[in-house]
Amino acid sequence: MEKTNIFTEFKIKNIKIKNRIVLPPMVRFSLIDESGYVNDELIKWYGDIAKSGVGLIVVEASAVEESGKLRENQIGIWDDCFIHGLSKIANEIHKYDVPCLIQIHHAGFLNNLNEIPENELDRILKLFEAAFVRAKICGFDGIEIHGAHGYLISQLNSKILNKRTDKYGEHLYFSKKLIENTKYLFNDNFILAYRMGGNEPELEDGIENAKKLEEFGVDLLHVSSGIPNDNYKRAVKISSFPKDFPLSWIIYMGIKIKEQLKIPVIGVFGIKKEKQASWLIENNLLDFVAVGRAMIARGTWMEKARKDFYYRLNKK
């Protein structure tokens, strides 16, 4: 049996992914204006990445309402008027036989989460649900819920920030209800992914959250960073992180979380070289490896990775 490598196919439901390299949701602020509309430059950029041979693309964070933007120049999905432009991105990517998800996002209320009225969070939950419907209409192959990086869902998942005494204080309540309320959208041709904080606030909490998300019906987990404890400023001090691990602490969390799950896991952060990605896949440490900034810096990253991979293979 041939050993798994970064060019080995993978299938999630009926969605065939031709290799293990993922473009993560990199918000292209420089390409978007304050209107939130997709433009030709953004469509071309996604098309170029798909053409390069990447296995899966997660289209950047799309805001569920204008006041929930991370920055003014961020794409929107809060109204039907955005469907036309977003559909063009999905169609352009699909020209190159690459499946694509779109990340759904709200920046949240970092400083006053516990003061936000319950009915306001009810309203935002409905906005997420409506955004899911639009994403499916646009022709994406699935959705990635943004539950990391200290944004709204990460805040609600955080034992540090979330001290609410209403239903939204229940652990993972928002995520659970969102998944339950949109279950009807998901079938064998539509994937539910979730970008989570592996440290929420500790790795042990990330593992617990991952297991629950798998129970809720998530098909694919994308492990990134969450909201850490204040008692360490550099998350490299995360409990149990081995000092001799050759890659980032975020990649390490993805590996430890994958060990506990049956669903596939994407690892992300700081992967620049084919050799790094190959080590993770060939040793079955992760199912997918996300390459973000390195792919922006070098549009031909996949071409070079393929050359480097076969060069190493022929040297053996």
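**Close-up 1. The largest pocket of this predicted model holds about 660 Å³ of space.** A pocket here is an open set of points on a 1 Å grid over the protein atoms alone, where a 1.4 Å probe fits and where protein lies on both sides within 12 Å along at least five of seven lines; grid points are joined across faces, edges and corners, and a volume is the space filled by probe spheres set on the points. The lining, made of residues with an atom within 4 Å of a point, comprises 26 residues, of which M26, H149, R195, F269 and R293 lie nearest the centre of the pocket. Strand β5 (100-105) and helix α9 (293-297) each supply at least two residues of this lining, where helices (H or I, at least four residues) and strands (E, at least two) are DSSP runs numbered from the N terminus. By class the lining has 15 nonpolar, 8 polar and 3 charged residues, with Ala, Val, Leu, Ile, Met, Phe, Trp, Tyr, Cys and Pro counted as nonpolar, Asp, Glu, Lys and Arg as charged, and the others, Gly among them, as polar. Residues are numbered from 1 along each chain as its sequence is written, and side-chain values use heavy atoms, with hydrogens and water left out. Because this is a predicted model, local features need pLDDT of at least 70 and side-chain atom pairs count only at pLDDT 80 or more, whereas totals for chains, interfaces and linings use all residues.

**Close-up 2. The second largest pocket has a volume of about 200 Å³.** Its lining is formed by K272, K273, E274, K275, A294, R298, W301, K304, A305 and D308. Helices α8 (274-282) and α10 (301-315) are the elements that give two or more residues to this lining, and α10 gives the most, with 4 residues. The lining residues of this second pocket divide into 3 nonpolar, no polar and 7 charged.

**Close-up 3. Eight strands form a closed barrel with parallel pairing, in the order β3-β4-β5-β6-β7-β8-β9-β10.** From one strand to the next the twist averages 25 degrees, taken between lines fitted to C-alpha atoms, with angles running from 0 to 180 degrees between N-to-C directions. Two strands count as paired if DSSP finds at least two bridges between them; β4 (residues 56-63) and β5 pair in the parallel sense over 5 bridges, and S62 stands opposite I104 in β5.

**Close-up 4. Strand β7 (residues 191-197) is largely enclosed by the rest of the structure, because 7 of its 7 residues are buried.** Buried means under 20% relative accessible area, exposed over 50%, and partly exposed in between (1.4 Å probe, protein chains only). I191, A193, R195 and G197 cover one side and L192, Y194 and M196 the other, and all of them are buried. β7 runs parallel to β6 (residues 142-147), to which 6 bridges join it, and also to β8 (residues 220-224), through 5 bridges. R195 is the bridge partner of H146 and stands opposite H222 in β8.

**Close-up 5. Two residues that are not glycine, K13 and N284, have a positive phi of about 55 degrees.** K13 lies in the loop between β1 (10-12) and β2 (15-17) and is partly exposed, with a relative accessible area of 28%. N284, found in the loop between α8 and β10 (288-290), counts as exposed at 53% relative accessibility.
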